Amino acid sequence: MTVLRVGHTPDRFSATATYFNGSRSSAATVALTIDEDTQSLVGLVQDGTEIHWPLTDIRQAPDQAGGDQMVLQLCDDPVQRLVLSDFELAQRLPNRKKRPKITKRGPLIGWAMAAVASVGLIIFVLVPAMANQLARFIPPEGERALGEVTLQQIRTALDQTGLNPVPVCSSPEGLAALEKMEERLQSALPETQSLHVSILDHEMINAFALPGNYIVFFRGLIEKAETPDEVAAVFAHEIGHVVSRDPTRHTLRSAGSLGVLGLLFGDFAGGAAVLLLAERLIEAQYSQEAEADADVFAHSVLVDAKIAPEALATMFERFRDMGGEASPFVAHFLSHPSLGDRIQAARDATPPGFEALPILSAQEWRALQNICD
């Protein structure tokens, strides 16, 4: 049984703590007591500074390194700290573990929206503008080196085993047929292009252009095409992108965007960046204007090469009917709402009574389809 003596009062709280005022890196020692009248924690710092913290406004900081000390802060002051080992004070702090209210939400939301808008401005406006300007000053040698490195990265990224890059198809008969198709298209170009054409041994239904006049086909597209004219139509379309230097601008834009995101969210300089860049280049979706210009270029080249431009329309229609099964090549074209107009434009580009000349013989076409064997 506890015996209370008349006239006895509990001892006043007193403790010594380490005080950080938030403006100096050095700590100071402070003697703490509780003012019962104002229900405040008061103390006198060694330099003569007085602190006066209402008990209801004191919170325990969330960044506790261990259980041997208690770090306290004011709910409306993010920098001042008190560090003490006397846990007796915790019983006198009614809101010690209560999260402080967020004040001035409006400015906080405004700054957050401004930050998001700034990132969007950089990625969607400034980076493309800078890429367009920079593309004009890259010498041909630098562009070819960029295309060669990018192609190697894509081959490595597409390898499922992680051991070897996706092989480049090299059947002599198939390469001869591909070269014959290129010569036919080159003869119709306004200016001869030094093209580097490759077919990768991969089932993806796709074709794309890279900086430095690189044009890449996948085996899947060659196998899905029903006529050599359809492959030639895709070929002419990609040549249009090469002539307009769309791949260089797109590569610079993709690399710039990934760089900005890397600065914001972490290191994008490693393997993740390579995979992301490779994916974005394979699924390159240029602007609708760039796609329309490449189509118009292809129509003109195909007519001059005695190949019906409607082969491009036939290819569009077949892959549109295939839907999602042909991703990402189909997604590349379906991403543009004017696909129906592009199909019609390809048909309208074929002159009435146009007589096409075979671009490959039946034997050469079989050799091209089997170029990866």
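Seven strands form an open sheet, ordered β4-β3-β2-β1-β7-β6-β5, with antiparallel pairing. At the edges stand β4 (50-54) and β5 (58-60); each has a single partner strand, so one side of each lacks a neighbour in the sheet. From one strand to the next, the twist averages 35 degrees. The model is a predicted one.

Strand β3 (residues 40-45) runs antiparallel to β4 and is joined to it by 5 bridges. The two make a hairpin with 4 residues between them. Gly48 sits in the turn and has a positive phi of about 95 degrees. Leu44 faces Glu50 in β4. Val42 stands opposite His52 in β4.

Now look at the faces of β4. In a regular strand the side chains alternate between the two faces of the sheet. In β4, Ile51 and Trp53 make up the covered face. Glu50, His52 and Pro54 make up the uncovered one. His52 has a relative accessible area of 47%, which means partly exposed. Leaving aside residues up to four places away in sequence, His52 touches Thr38, Ser40, Leu41 and Val42. Gln39 is 13 residues from His52 in sequence, and their C-alpha atoms are 9.9 Å apart.

Step back to the whole chain. The protein chain has 12 helices and 10 strands. Of its 373 residues, 44% count as buried. Take contacts between residues at least 6 apart in sequence: 59% of them join residues at least 24 apart. The accessible surface comes to about 20600 Å², and 55% of that belongs to carbon and sulfur atoms.

Next, the interior. In soluble globular proteins, nonpolar side chains tend to be buried together. Here the largest nonpolar core holds 48 residues. Met181, Leu185, Ile199, Phe217, Phe235, Ile239 and Leu368 touch the most other members. Helix α5 (residues 228-244) gives the most to this core, with 8 residues. Apart from it lies another core, of 22 residues, including Phe13, Ile58, Leu82 and Leu89.

Beyond residues up to four places away in sequence, Ile199 touches Phe217, Leu368 and Arg219, among others. Arg219 leads on to the charged groups.

Side chains of opposite charge can pair when their charged atoms come close. The structure holds 10 salt bridges. In one of them, the side chains of Arg219 and Asp201 meet at 2.5 Å, N to O. This pair links distant parts of the chain, 18 residues apart. Arg219 lies in helix α4 (residues 219-224), while Asp201 lies in the loop between β8 (196-200) and β9 (207-210). Asp201 is partly exposed, at 27% relative accessible area.

Arg219 also forms a salt bridge with Glu223, with the closest N and O atoms 3.4 Å apart. Why are these two about one helical turn apart? Because they are 4 residues apart in helix α4. Glu223 counts as partly exposed, at 45% relative accessibility. Asp201, Glu203, Arg219 and Glu223 are linked in a network of salt bridges.

One more salt bridge joins Arg342 and Glu291, whose closest N and O atoms are 3.4 Å apart. Arg342 belongs to helix α11 (residues 339-348) and Glu291 to helix α8 (residues 288-304), so the pair ties together parts 51 residues apart in sequence.

How values were computed:
Residues numbered from 1 in each chain as written. Predicted model: local features only at pLDDT ≥ 70, side-chain atom pairs only at ≥ 80, totals over all residues. Heavy atoms only, no water. Core = buried A, V, L, I, M, F, W, Y, C linked by side-chain atoms within 4.5 Å. Buried < 20%, exposed > 50% of the residue type's maximum accessible area, 1.4 Å probe, protein only. Contact = heavy atoms within 4.5 Å. Pairing = 2+ DSSP bridges. Axes fitted to C-alpha atoms, helices over the stretch in contact; angles between N-to-C directions. Areas by Shrake-Rupley, 256 points an atom, 1.4 Å probe, with all protein chains shown as cover. Salt bridge = Lys/Arg side-chain N within 4 Å of Asp/Glu carboxyl O.
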